[in-house]
Amino acid sequence: MQSRVVITGIGVVTSVGTGREQFWDAMLAGRCGVSAVESFDTSGYSVHRGGEVKGFDPAPYLFNLDAARLGRASQFAVAAARLALSDAGLDCASLDPLRAGVSMGTTSGEPREVERFNDSYVKDELENVGAEFIGRYPCHLISSHLAEELGFAGPNVMIPTACAAGNYAIAHAFDVLRAGRADVMLAGGSDAFSRITYTGFARLGAVAPEICQPFDRNRKGMIPGEGACVLVLEPLKRARARAARIYAEVGGYGLSCDAHHMTAAHPEGDGAARAMQQALAESGARPEDVSYISAHGTGTPTNDRLETIAVKRLFKEHAYRVPVSSVKSMLGHTMGAASAIEAAVCALAVHEDRIPPTINLEEPDPECDLDYVPNRAREHRVSVAMNNAYAFGGNNASLVLRKCEV
Amino acid sequence: MKRVVITGAGVVSSLGDTPEALHAALCEGRSGIGPIGLFDTKGLGCPLGGEVKDFDAQKYLGRRNLRPLDRTSRLVASAAQMALDDSGWRAEMRAVEEVGLVLGTMFCSVRTISEFDRRALEAGPAYASPMDFANTVINAAAGQTAILHDLRGVNTTVSTGVTSGLQAIAYAVDLIRAGRARALLAGGADELCFESFYGFDRAGLLCRSDGHEGHYAIPFDARRNGFTPGEGAALVMLEEESAALARGARVLAEVSGTGCGYDSSRGRDERKGVESIAHAMRFALYEAMLRAYEVEALSASANGSPGGDRREALAIAEVFGQHARTMPATAVKALLGETLGASGAMQVIAAIETMRDGRLPGIPQLEEVEADFPLVPARHACPNVDADNVLVNSVGFDGHSCSILLARVEG
């Protein structure tokens with residue numbers, strides 16, 4: 001008999017707030033975290049705005065590790081993990097370390113470490129690069145540092161499936177718990193703002209100059225951001241036994257690959273529809289049961305159009321009745337953290353029956369004609385929420401969360 | 001619980017590009033480690049690596065357009081082609097059924113990422129290469145390989161350092177057991193490149209060798225002082241047993257158990273390190289419902305690292321007790337170097353060959369182990385190891401460990 005798995009804690013570090021309360025208030029208020037990029041000089045670029053987390057101080061969250069030893073994405077992740085555990089009312093000392101694990105996702109890991117390496121390389125001063133490159137760069141260090149800070153000795157995995165990584169990481173944690181390999185899993189995603197990522201998207205012509213406007217007729221692209229989200233997942237039995245607050249149950253997930261193009265989605269949304277279908281089938285929900293979809297919704301002309309096609313393909317007429325919103329309108333695209341943050345949004349939507357808006361929606365696009373919850377948050381009964389994410393490499397992942405029926 | 005079997009294998013290594021060639025070289029004690037041609041090693045503490053010489057992906061992939069693929073992607077796509085051919089999963093079958101890919105890699109290509117950034121730094125952001133950008137994500141090789149081979153099933157990248165490839169196989173086994181996937185290629189890859197090599201060197205992790213005969217990274221040897229980096233790709237095809245038999249597949253071995261552990265002290269506390277490695281082995285034994293003494297051969301992860309090799313040996317002693325003194329054990333990284341993401345999968349492929357012909361590779365340069373080492377791995381290849389059950393270990397330097405049990409399948 002496989003355990004049912006629930007979400008009992010949420011920790012986030014974002015450009016609009018750190019910690020579940022501040023973050024959710026900002027989401028419902030439609031607050032935008034995009035601002036002028038400060039972490040590097042953008043004068044050589046045609047775009048200058050990003051969703052940076054400004055003024056982040058990791059010190060309050062690190063008791064065992066020294067912040068100077070950690071890359072930025074690791075710092076975000078540890079902070080989000082501490083916040084999530086506290087939100088769940090869980091004390092590390094009460095956990096069996098062998099039964100507490102970590103499953104995290106990322107797009108780039110710690111790209112600033114490569115940037116530092118290169119800064120020395122181009123000046124022919126490579127001798128300035130020391131042990132810290134290998135000590136901070138490899139992306140698995142994000143989940144390693146989490147476990148090191150918290151003393152967790154259970155299953156530990158990093159799943160760097162780019163912009164869908166958060167969903168993959170949460171899905172894996174779900175499986176680990178159901179297989180009885182752990183009693184609690186921290187799952188989520190983290191990414192740090194970097195010139196490598198910004199340059200890449202800018203060079204693809206994919207970055208919007210001012211605001212991110214998912215599904216809007218005049219949308220000009222995505223806006224790179226950064227942040228982290230960590231969720232506490234545990235078996236329903238354990239959550240009940242300790243009278244934990246349960247945000248939502250993980251109903252199921254679906255993973256697929258377009259096998260079509262590295263950066264462009266399949267034109268008929270085939271892979272995306274398959275992932276959604278699998279997630280629904282596993283959770284025992286039909287398309288008509290879905291009360292909210294957190295879209296991938298990057299704000300690029302192509303993604304938003306293709307995503308709409310995929311949703312219509314699966315949901316048919318019901319597509320017009322289910323609200324769909326993209327919080328990337330507020331945060332920009334936080335890469336590997338995005339789908340984890342959006343899973344938190346779904347969990348909170350399920351818990352509170354409120355859904356965040358897609359802000360900056362000024363003019364509807366005839367090709368994107370669904371209900372995208374324009375500009376204002378809404379009260380709406382959410383029994384089943386779906387979280388969709390699509391990544392470079394054609395990696396598609398859908399996660400279904402539902403109210404935990406006792 | 002559903003039984004998961006291996007129905008094919010593909011490998012690109014410094015010792016050959018077929019399981020048979022790799023196995024023959026290992027058993028003959030031939031080393032794939034030598035002077036590096038891929039980049040300039042001047043000024044580096046160790047000028048040696050396990051490079052895949054004269055690697056030409058076109059040889060395996062035919063006339064396909066490989067320009068968008070970097071070295072790591074080419075290694076993976078090549079190994080994938082061979083594993084697909086070996087398992088009989090032809091293109092027309094893949095068009096109808098979704099075959100997936102779970103790839104373990106520590107870096108994917110840190111070289112591609114670095115070069116992308118350097119070009120932008122030197123020439124300006126307007127000159128960065130959009131094609132290269134697609135390869136700067138750590139799941140790039142898995143994505144490129146899926147496109148080339150029409151792999152529309154689950155596509156996941158697992159990045160846990162040295163253990164990436166073995167953990168990828170464990171992840172894939174779990175998906176098949178849960179009924180989430182029909183057939184999955186799983187394993188790992190990493191390429192030899194200046195950036196990671198330099199990083200390891202600066203961190204003091206590499207074997208201080210002047211290249212003289214006998215001065216290589218020697219697993220378990222008392223003189224060991226670090227590892228030698230290698231590269232390659234190795235993938236196995238995993239399927240549920242009855243489905244594999246129903247389509248007439250040739251079964252190479254069964255994956256009977258897997259286990260993972262994590263050392264939260266990351267090597268600083270020997271006890272914690274030993275416990276985490278032992279936990280991984282015990283969990284694999286528990287899943288396979290095997291007693292420790294029923295394991296008839298062991299493929300260790302040891303790569304010449306002073307602390308890592310010791311922790312693994314102590315863990316083996318704890319789990320196997322007296323049996324550890326006579327159980328045949330090997331450490332193929334002695335001859336392949338540390339191939340990171342590829343390593344665990346290469347060990348699995350080599351172990352399958354051992355189950356097939358009874359030969360277990362030795363550790364040619366091994367002379368003496370530490371005084372309190374309970375494990376006595378062989379210097380020379382063992383010619384007649386009759387192993388129904390082989391344990392494969394993967395142990396990383398940042399705390400991860402993973403163990404997989406392979407069972408021989410009759411017929």
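At 42% relative accessibility, B:Arg282 counts as partly exposed, since this class lies between buried (under 20% relative accessible area) and exposed (over 50%), computed with a 1.4 Å probe on protein chains only. B:Glu318 is likewise partly exposed, with a relative accessible area of 35%. In this predicted model, local features need pLDDT of at least 70 and side-chain atom pairs count only at pLDDT 80 or more, whereas totals for chains, interfaces and linings use all residues. Residues are numbered from 1 along each chain as its sequence is written, chains are lettered from A and ligands numbered from 1 in the order in which they are written, and side-chain values use heavy atoms, with hydrogens and water left out.

B:Arg282 and B:Glu318 form a salt bridge, their closest N and O atoms being 4.0 Å apart; the term denotes a side-chain nitrogen of Lys or Arg within 4 Å of a carboxyl oxygen of Asp or Glu. B:Arg282 belongs to helix 11 (residues 270-288) of chain B and B:Glu318 to helix 12 (residues 306-320) of chain B, so the pair ties together parts that are 36 residues apart in sequence. Helices (H or I, at least four residues) and strands (E, at least two) are DSSP runs, numbered from the N terminus. Side chains of opposite charge can pair when their charged atoms come close.

Helix 11 of chain B also contains B:Glu287. With a relative accessibility of 13%, B:Glu287 counts as buried. The side chain of B:Glu287 reaches the backbone nitrogen of B:Thr258 at 3.0 Å. When neighbours within four places in sequence are left aside, the residues in contact with B:Glu287 include A:Arg181, B:Met1 and B:Arg177, contact being defined as heavy atoms within 4.5 Å.

Over all chains, the whole structure holds 69 salt bridges. One of them joins the side chains of A:Arg219 and A:Asp304 at 3.4 Å, N to O. This pair links distant parts of the chain, 85 residues apart: A:Arg219 is in the loop between helix 7 and strand 8 (227-235) of chain A, and A:Asp304 is in helix 10 (residues 301-315) of chain A. Both A:Arg219 and A:Asp304 are buried.

The two chains meet through 71 residues of chain A and 66 residues of chain B. The area buried between chain A and chain B is about 5600 Å², of which 62% comes from carbon and sulfur atoms; buried area is the accessible area (1.4 Å probe) that two parts lose on being put together, summed over both. Between chain A and chain B, the count is eight salt bridges. In one, B:Asp117 pairs with A:Arg195, the closest N and O atoms being 2.8 Å apart. The side of chain A that touches chain B draws at least two residues from each of several elements, among them helix 3 (111-122), helix 6 (165-178) and strand 9 (248-257) of chain A. The residues on this side of chain A comprise 34 nonpolar, 24 polar and 13 charged. In this division, Ala, Val, Leu, Ile, Met, Phe, Trp, Tyr, Cys and Pro are nonpolar, Asp, Glu, Lys and Arg are charged, and the others, Gly among them, are polar.

B:Glu98 and A:Arg274 also form a salt bridge, with 3.4 Å between the closest N and O atoms. The pair crosses between chains, from the loop between helix 4 (91-96) and strand 4 of chain B, where B:Glu98 lies, to A:Arg274 in helix 9 of chain A. B:Glu98 is partly exposed at 32% relative accessibility, whereas A:Arg274 is buried, with a relative accessible area of 10%.

Within chain B, ten strands form an open sheet of mixed pairing, in the order 5-4-6-7-1-8-12-11-9-10; two strands pair if DSSP finds at least two bridges between them. Strand 5 (155-158) and strand 10 (329-330) of chain B are the edge strands, each pairing on one side only. Strand 4 and strand 5 of chain B run parallel and are joined by four bridges, with B:Leu103 opposite B:Thr157 in strand 5. Strand 4 (residues 99-104) is also parallel to strand 6 of chain B, through six bridges. Strand 6 and strand 7 (residues 232-240) of chain B run antiparallel and share eight bridges. Eight of the eight residues of strand 6 (residues 183-190) of chain B are buried, so this strand is largely enclosed by the rest of the structure.

Methods: A polar contact is a pair of N or O atoms within 3.5 Å; within protein, one must be able to donate a hydrogen and the other to accept it, and residues adjacent in sequence count only if both atoms are side-chain atoms.
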